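Here is a short note to go with the structure you asked me to look over.

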Amino acid sequence: MRPCVEALAEQGGGGYRTPDADITIDRTLLPLSVRCEFAGGTHVELVPAWVNPLLALSLAGAAGCAAGSVRAASAARRGAPGGGHPAY
């Protein structure tokens with residue numbers, strides 16, 4: 001509850017002094033989100049907007065690196081040009 005109240009105060013929502021039961025927290029993994037909803041209809045997103053695009057780019061980069069390493073390993077086994085040790 002504390003991160004929700006602190007985020008609301010940072011956005012200029014003032015002090016929030018009602019029972020914790022008045023705050024609903026919704027979490028999702030894809031897209032990554034933690035959203036606090038207050039009794040008055042106010043909501044605060046705790047995950048910054050840049051996190052989800054960065055996460056998508058990181059996963060795509062990791063998949064590309066994995067595909068490249070598999071391709072390089074299979075080329076080295078076949079003895080294709082560009083595969084194996086550079087001295088040969």
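Which residues of helix α1 (residues 2-10) are buried? They are C4, A7 and L8, where buried means under 20% relative accessible area, exposed over 50% and partly exposed in between, with a 1.4 Å probe and protein chains only.

1. Basis of the note. This is a predicted model, in which local features need pLDDT of at least 70 and side-chain atom pairs count only at pLDDT 80 or more, while totals for chains, interfaces and linings use all residues. Residues are numbered from 1 along each chain as its sequence is written, and side-chain values use heavy atoms, with hydrogens and water left out.

2. Overall make-up. The protein has 2 helices and 3 strands, and from the N terminus these elements follow the order α-β-β-β-α. Helices (H or I, at least four residues) and strands (E, at least two) are DSSP runs, numbered from the N terminus. Of the 88 residues in the protein, 16% are buried.

3. Helix α1. Seen down the axis of α1, the buried residues fall within an arc of 100°, so they line one face of the helix. The arc is that of the directions from the helix axis to the C-beta atoms. The face turned away from the buried side of α1 carries the exposed residues R2 and E10. As background, an α-helix has 3.6 residues a turn, so residues three or four places apart point the same way.

4. L8 lies in helix α1 and counts as buried, at 7% relative accessibility. Between L8 and F38, which are 30 residues apart along the chain, the C-alpha separation is 9.5 Å.

5. The sheet. The 3 strands form an open sheet in the order β1-β2-β3, with antiparallel pairing; two strands pair if DSSP finds at least two bridges between them. Why does one side of β1 (24-28) and of β3 (43-45) lack a neighbour in the sheet? Both strands stand at the edges with a single partner strand each, so one side of each is left without a neighbour. From one strand to the next the twist averages 20°, where axes are lines fitted to C-alpha atoms, for helices over the stretch in contact, and angles run from 0 to 180 degrees between N-to-C directions.

6. Pairing of β1 with β2. Strand β2 (residues 33-37) pairs with β1 in the antiparallel sense over 5 bridges.

7. The loop between β1 and β2. This loop contains P31 and L32. The peptide bond from L30 to P31 is cis, with omega near -5°; please check this bond in your own viewer. L32 is partly exposed, at a relative accessible area of 31%.

8. Nonpolar surface patch. L32 also belongs to a nonpolar patch on the surface, together with L29, L30, L55 and L59, with about 520 Å² of accessible area together. Patches are made of residues with over 30% relative accessible area and no salt bridge; like charges are joined within 9 Å, and nonpolar side chains (Val, Leu, Ile, Met, Phe, Trp, Tyr) within 5 Å. Accessible areas come from the Shrake-Rupley method with a 1.4 Å probe, and for residues only the protein chains shown count as cover.

9. Pairing of β2 with β3. These strands run antiparallel and are joined by 3 bridges, with C36 opposite V44 in β3. Their hairpin has 5 residues between the strands, and G41 there takes a positive phi near 95°.

10. Salt bridge. The structure holds 1 salt bridge, defined as a side-chain nitrogen of Lys or Arg within 4 Å of a carboxyl oxygen of Asp or Glu. The side chains that meet in it are those of R35 and E37, at 3.6 Å, N to O. R35 counts as partly exposed at 30% relative accessibility, and E37 is partly exposed with a relative accessible area of 31%.

11. S33 in β2. S33 has its place in strand β2 and counts as buried at 15% relative accessibility. S33 and V51 are 18 residues apart in sequence, and their C-alpha atoms are 9.4 Å apart in space.
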